[in-house]
Amino acid sequence: MGWKQTYLFLFLLICLTAQGCSSKNTSRSHSLTIAGSTSVQPFAEKIAEIFMEINRKVVLNVQGGGSTAGIKACREKAAQIGTSSRELRPEEHDLTKRIIAKDGIAVIVHPDNPIHNLTIEQLRGIFSGKFRSWSQFGWINKPIFFVNREEGSGTREAFEHLVMKKEEVSDEALVQDSNGSVREIIATNPQAIGYISFGIVNHQVKALSVDSIKPTPVSIKNGQYALSRPFIFVVSGKPEPLAQQFINFVLSKEGQQILEKEGLVGIL
Amino acid sequence: MNEKIIEKILTLLAFSAIGLLLLITIFIFKEGFPVIVKAGIKDFLFSAKWAPTKNHFGILSMIISSLAVTFGAIILGVPLALACAITLAEFCPRRLLVFLKPTIELLAGIPSVVYGFLGVILLVPLIREYLGGPGLSLLAASIILAIMILPTITSISIDALQAVPLLFKEGALAMGATHWQAIRLVLLPAARSGVVTAIILGMARAIGETMAVIMVAGNSLKIPVSLVDPVRTLTSTIALEMGYSAGDHRTALFAAGIVLFIFIMSLNILANLLMRKK
C-alpha cells in the first residue's frame, strides 16, 4: 500500500505543479513576472530578492526559458518583463529594450597553460576542430580539448555569434551544461580550453586575452574586449508602474552595485 | 462493508499507479512523435547530425553511445557481479553472508550523483594520465555504470543460485565432482535464466542512468571510435538540453525519450519472459 500511496501522492504533486506552471497570468498589481534568458536569471533573481526585501508587499516571479522565449512571453503579456542575453532581432524591434548590464565571455584555460593571447580566428580554428594540437600555438605536442555549452544555451549562442560566425563548432567538443562545470573541467585538465561568463572566472582558471585585449570590467564596458554581450530587459509598450519601478531599481546605483558584485559589468 | 471500502480504495490506488504509467507513455509518444514524422524516421534514427535548433534531429551517435556505454558496463560488471554472487551463495559462511549481502545491496542506495562525483575526481584524471584522451570518456562511464549495476546483478543472481534445488548439487558432489565443478557444470546452468534476467535488468538500469553518466562521459556528439573518446548518451542529451529547449527542440528530446523508452521496455519485457520461463 505504501508504494501505491506514494504514486498517488506523486501524481497529485505533478498535477499541482502543472497547475502552478499553467497559471501564468497572476498579474495582480503587486506581482511581477520576469521571464527569459537563463544567463540573466541568476542575476535577476538576486536583485529581485533584494527588491522584495525593500518592498515587502511585492512578489517578483523570476523564470528562465531562454532569451527568445522571454521576449515572446513579454510580447504575449505572459511576463511583464522579458530578459535577453542577446541583442533584439530586427523582427523584435517593436519592443522597448533597456540594457541593464554587460557580460563578458571569457576564454579560459588551465593556469599551467603558457598561452596568454589568442585571436578570434585562432579561437574559431580551435573550436571548429582545425587546430588539434597545442604545438600549433608553440606549446606541448598534446591534443586540445575544447569544451562547448549545450545546445540552446545563451552563452553558446553568443559565443557562436561572436567567434564562430558562419562556422560550426566541431562535434568532437566536450559538452557541459553550466558555466560552473565548464570551469571545473578546465581547472582539472591542463589541455582544455573553454568559455564562461566573465563573472564566473576565478583563480582555478586563467582568462585569455582575445585579440590582445585582456577581459576586464573596463575593457568589457567600453567595448574593446570583443567577446561581450548585453543583458537586456524588454517591455512591451508602456511598462506597468511596478515593472517601471523594478527597472529603475536595477538601473539605479544600488542595483548596478548588486550586479557588479555578482560579477557583471555595470553600465553606469 | 468496511472491508469492501478498503478493498475498493486499494484497487483504485493500484489502478492509479498503472494509469500513471499509461499517462506517461501516452504523453511521451504524443509529445515526441511529431518531430519523428517531421524529420523522417530514417533521418531521425540513422543520421548522426544533432543540432535541433538548426533543424537537424539525428540521434544515431547517441544510440550508439548509449549501447556502447551499456555493453561496456555489462562486460566489466558481469564477471564481477557473478563472482560476488557465486562467492556469497556458495563459498561464504552463513554468518558472513548476512553481513556481506546487505553491504552489496547498499551500493544501490548511493545516489548516482555521488558515483559521478567520485568518477570525476578519481577516475577521470587516472584515465587522462595513463590512457590519454580527455579522461571524460566511454571507459569512465562504463566503469562507473559497472559498479552501479553490481548490486542489481549480484542480488538477483544469488537468489537464482539459491533457488536451485540442493539435490542437484548433492548429486554432482556424489558423482565425484569438486565444489567448483559442481558450480560450473550444474548450479550455473540450472540458474541460467535467473542470471540472464539479472544481467538484463542490469542493462536496463545502465541504459537509463543519467546523472553519473553526464558527469563522466564528456557528452561529445561525435560517434566514439575508441574507449577513451567522450560520448553522449540519450539520457544525457535529454537532461542536458531540456532546460533551454522550446518548440521542435523540446519535441526532439521527447522523441529521444521514445527511443529510450522502447529500449528499456524491451529489456524489461525480455527479463519478464525469461523469469516466467524459469
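Visitor: Which residues does Asp211(A) touch, not counting residues up to four places away in sequence?

Guide: Two residues are in contact if their C-beta atoms, placed from the backbone, lie within 7 Å. By that rule Asp211(A) touches Thr119(A), Ile120(A) and Ala226(A), leaving out residues up to four places away in sequence. The C-alpha atoms of Asp211(A) and Ile120(A) are separated by 6.5 Å, although the two are 91 residues apart along the chain. This is a predicted model, in which local features need pLDDT of at least 70 and side-chain atom pairs count only at pLDDT 80 or more, while totals for chains, interfaces and linings use all residues. Residues are numbered from 1 along each chain as its sequence is written, and chains are lettered from A and ligands numbered from 1 in the order in which they are written.

Visitor: Where is the place of Asp211(A)?

Guide: Helices (H or I, at least four residues) and strands (E, at least two) are DSSP runs, numbered from the N terminus. Asp211(A) is in the loop between strand S10 (209-210) and helix H7 (217-221) of chain A.

Visitor: Why does Asp211(A) count as partly exposed?

Guide: A residue is buried if 20 or more other C-beta atoms lie within 10 Å of its own, exposed if 12 or fewer, and partly exposed in between, with C-beta atoms placed from the backbone. Asp211(A) counts as partly exposed because it has 15 C-beta neighbours inside 10 Å.

Visitor: Which elements give two or more residues to the side of chain A that touches chain B?

Guide: In this interface, 24 residues of chain A are in contact with 28 residues of chain B. The elements of chain A that give two or more residues to its side are helix H1 (2-22) and strand S7 (174-176). H1(A) supplies the largest share, 5 residues.

Visitor: Which residues touch the most other members of the largest nonpolar core?

Guide: Nonpolar side chains tend to be buried together in soluble globular proteins. A nonpolar core is a set of buried Ala, Val, Leu, Ile, Met, Phe, Trp, Tyr and Cys residues joined through C-beta atoms within 7 Å. The largest has 121 residues, of which Val107(A), Ala140(B), Ala141(B), Ile144(B) and Val216(B) touch the most other members. H6(B) gives the most to this core, with 17 residues. Apart from this core lies another, of 17 residues, among them Ala39(B), Phe57(B), Ile63(B) and Leu253(B). As for Val216(B), its contacts include Gly116(B), Leu136(B) and Ile144(B).

Visitor: At what angle do helix H3 and helix H6 of chain B pack?

Guide: Axes are lines fitted to C-alpha atoms, for helices over the stretch in contact, and angles run from 0 to 180 degrees between N-to-C directions. Helix H3 (residues 60-91) and helix H6 (residues 138-163) of chain B pack at about 35 degrees, with their axes 6 Å apart.
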